[in-house]
Amino acid sequence: MSDRAAAPGPTDRVAVVVNGNAKRVTEDLVEMLDQIVQSGDLFVSRSMDEGQDIARRIVDRGYPTVLTGGGDGTFTQMVTWITAEAKRRDRQPPRFGLLKLGTGNALAWVLGAADYKGRGVVADLARVRQKGGSRELRLLEVGGTLAPFAGFGVDAQALAHFNATKDFFRKLPVLKNIGTGGLAYIVAIVGRTFPQVLIQPHGRVTIRNLGEPAVRLGVDGQPIGPPVEAGEILYRGPYRGVWFSTVVYWGFGARIFPFAEDREDRFSLRIVDVGSLDVAFNIRKIWRGDYRSDRLHDFLVEHVEISFDEPIAMEIGGDAAGSHRSGKVKL
């Protein structure tokens, strides 16, 4: 736990912030949390404005620990808003944690996915109060947002297709209760993302190192060639996706970034130029993190600048982040 500047409130209190729009955040769950968490320490956010107001109230009260529930996006938003507000007031940000309300989220897999029934949430809260069950999580700074992972290209397309498929399934009585997780993800990828990528021309990207020497990895994950110094080009060429992460998981247990935790002072940069058919034929290996190809370009980097030849869809921490022609990512 980080040392804190003087602030009001007991030092053992835990703020719990849940996304009221998340499927797993039911009235029963909120009622259960309200019984477990101390009075006034449970916050339910249903909009961006509410979330930012909650962030200010959390900093006002000086909580040493904040837990979020509702997905990777909820975690990313609250960490970003609370950290920014704490710095604005010259206070040390709290430590953060995640309530494992679902198995689809990347961070739930990083921490060890729990059940949805509430038993996992109770155990999470108990561990936090006992000052145990924690680990360090490195975050990237992407366009002013703090997140464990982000990406341009096909992953952002897949996210948009996944969200659209979930919304469609929710309108169908037969599927509304089972079609918003893994099923919707598979349908979106196979039915929409794969066909779209198959007919799209390959874009081109230029990635420049802006930070400490970067390491190029071979297909076996071992360093190859000399370090890439600041100012030098890491990669210039075709791509389907340009992804960044400090964690190995992407979602639903997929180990998309097998080298992300190899070095504490670097994050994983992965340029993907693999075709739809290659993905379809090797989906199991890709899911396990075992797939290797000379069309996967892996680096361990500290700060990079990315430039595209046209605006490209982006996602940050599992949330859509518009389209951009360039961007910077740093640890």
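These legends describe close-up views of a predicted model. Local features are given only at a pLDDT of at least 70 and side-chain atom pairs only at pLDDT 80 or more, while totals for chains, interfaces and linings use all residues. Residues are numbered from 1 along each chain as its sequence is written, and side-chain values use heavy atoms, leaving out hydrogens and water.

**Figure 1. Overview of the protein, with 9 helices and 15 strands.** Helices (H or I, at least four residues) and strands (E, at least two) are DSSP runs, numbered from the N terminus. Of the 331 residues, 48% count as buried, where buried means under 20% relative accessible area, exposed over 50%, and partly exposed in between (1.4 Å probe, protein chains only). The accessible surface is about 15,900 Å², and carbon and sulfur atoms account for 51% of that area; areas come from the Shrake-Rupley method with a 1.4 Å probe, and for residues only the protein chains shown count as cover. Contact means heavy atoms within 4.5 Å. Among contacts between residues at least 6 apart in sequence, 71% join residues at least 24 apart.

**Figure 2. The largest nonpolar core, with 26 residues.** A nonpolar core is a set of buried Ala, Val, Leu, Ile, Met, Phe, Trp, Tyr and Cys residues joined through side-chain atoms within 4.5 Å. Ile207, Leu234, Val242, Phe244, Leu269, Val304 and Ile306 have the most contacts inside this core. Strands that each supply at least two of its residues include β5 (140-142), β8 (203-209) and β12 (267-272). The largest share, 6 residues, comes from β14. Leaving aside neighbours within four places in sequence, Leu269 is in contact with residues including Ile207, Leu234, Val242 and Phe244. A second, separate core has 18 residues, among them Trp250, Ala260, Val272 and Val279.

Figure 3. Apart from neighbours within four places in sequence, Pro148 is in contact with Thr76, Leu107, Arg138, Leu139, Leu140, Phe244, Ser245, Thr246 and Val247. Pro148 and Ser245 are 97 residues apart in sequence, yet their C-alpha atoms are 5.7 Å apart.

**Figure 4. Aromatic pairs, of which the structure holds 6.** Rings of Phe, Tyr and Trp (its six-membered ring) pair if their centres lie within 6.5 Å; planes under 30 degrees apart count as stacked, over 60 as edge-to-face and the rest as tilted. The Phe43 and Tyr63 rings are edge-to-face because their planes are at 90°, with centres 6.2 Å apart. Phe43 lies in strand β2 (residues 42-45) and Tyr63 in the loop between α2 (48-61) and β3 (65-69), so the pair ties together parts 20 residues apart in sequence. Phe43 is buried at 2% relative accessibility, and Tyr63 is buried with a relative accessible area of 2%. Phe244 and Phe267 form an edge-to-face pair, 6.4 Å centre to centre with 70° between the planes. That pair links strand β11 to strand β12, its two residues being 23 apart. Ring pairs join Phe152, Tyr239, Phe244, Phe267 and Phe308 into a cluster.

**Figure 5. Helix α3 (residues 72-88), with 17 residues.** From first C-alpha to last, α3 reaches 24 Å, close to the 24 Å expected at 1.5 Å a residue; the expected span is 1.5 Å times one less than the number of residues. Because 13 of its 17 residues are buried, α3 is largely enclosed by the rest of the structure. Asp90, which follows α3, has a positive phi near 60°.
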